[in-house]
Amino acid sequence: MVFFGGLLGLIGLATLVFRDGDVLGVPAAGVGGVFLGLGAVAAAIGLVRRARWRRKAAKGEPVPVGDVFERAKALPRMLRAAKAEGYAGVSGGRKALWLVALVYLISPIDILPDLLPVLGIADDAGVGMWLFTSVSTATGLYLRHERERRALPPG
């Protein structure tokens, strides 16, 4: 999330520095400022989440493990385990929410049309950010579950 916020901030800064004309009828300074603000908010949320994970780890609560690539590879295994083995870390309701979010992102029908500058893309970005973080957290917890299960002696 911190990386995503930095990327949004960089886009906003580049818009402020290098863009002379309007962006879809909106002054470049306004678009750049919005992206800078969104980047700052996303980075702050990321830092708060990181601190929360550290507190959870200190208390001994399970926290997600693995990097983005490990988690992406674990997603199909997690979904198979939830269906076949009864892995309880992912409920049917959560999978349904993921499906609804994915359909919303793919669908051409939006709550806020993409023709609206900044706002039209912001709802898609928010849904996409929630979907990414939710799936990433769930797969990270599944990786922890796999590692703990492998560490236990058979029997």
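**Close-up views of a predicted model**

Figure 1. The side chain of Glu 146 meets that of Arg 77 in a salt bridge, with an N to O distance of 2.9 Å. Because Arg 77 belongs to helix H3 and Glu 146 to helix H5, the contact ties together parts of the chain that lie 69 residues apart in sequence. Arg 77 itself is partly exposed, at a relative accessible area of 31%.

**Figure 2. The salt bridge between Arg 147 and Glu 70.** The closest N and O atoms of Arg 147 and Glu 70 are 3.1 Å apart, and the two residues form a salt bridge. This pair links distant parts of the chain, with Arg 147 in helix H5, Glu 70 in helix H3 (residues 68–85) and a separation of 77 residues. Arg 147 has 36% relative accessibility and so counts as partly exposed. Glu 70, at 33% relative accessibility, is likewise classed as partly exposed.

Figure 3. Arg 144 and Glu 148 form a salt bridge in which the closest N and O atoms are 3.7 Å apart. Both residues lie in helix H5, where four residues, or about one turn of the helix, separate them. Glu 148 counts as partly exposed because its relative accessibility is 45%; Arg 144 falls into the class of partly exposed residues with a value of 23%. A search of the whole structure gives four salt bridges.

**Figure 4. Lys 56 of helix H2 and its separation from His 145.** Lys 56 is placed in helix H2. Its relative accessibility of 28% is why Lys 56 counts as partly exposed. Between Lys 56 and His 145 there are 89 residues of separation in sequence, and the distance in space is 16 Å from C-alpha to C-alpha.

**Figure 5. The second largest pocket and its lining.** Rolling a probe the size of a water molecule over the atoms shows where empty space is left. The second largest pocket holds about 200 Å³ of space. It is lined by 13 residues, of which Phe 4, Leu 8, Leu 38, Ala 122 and Ala 125 are the closest to its centre. Helices H1, H2 (28–59) and H5 (119–151) each contribute at least two residues to this lining. By residue class, the lining of the second largest pocket comprises twelve nonpolar residues and one polar residue, with no charged residue.

**Figure 6. A nonpolar patch on the surface.** Nine residues are shown by name: Phe 3, Leu 7, Leu 10, Ile 11, Leu 13, Leu 16, Val 17, Phe 18 and Leu 36 together form a nonpolar surface patch with about 910 Å² of accessible area. Helix H1 (residues 2–18) gives the most to this patch, supplying eight residues. One of the patch members, Leu 10, lies in helix H1. With 55% relative accessibility, Leu 10 counts as exposed, because that class begins over 50%.

Definitions and conventions: Residues numbered from 1 in each chain as written. Predicted model: local features only at pLDDT ≥ 70, side-chain atom pairs only at ≥ 80, totals over all residues. Heavy atoms only, no water. Patch = residues over 30% accessible without salt bridge, like charges linked within 9 Å, V, L, I, M, F, W, Y side chains within 5 Å. Areas by Shrake-Rupley, 256 points an atom, 1.4 Å probe, with all protein chains shown as cover. Buried < 20%, exposed > 50% of the residue type's maximum accessible area, 1.4 Å probe, protein only. 1 Å grid on protein atoms, 1.4 Å probe; cavity = no way out; pocket = protein on both sides within 12 Å on 5 of 7 lines; lining within 4 Å. Points joined across faces, edges and corners; volume = space filled by probe spheres on them. Nonpolar A, V, L, I, M, F, W, Y, C, P; charged D, E, K, R; others polar.
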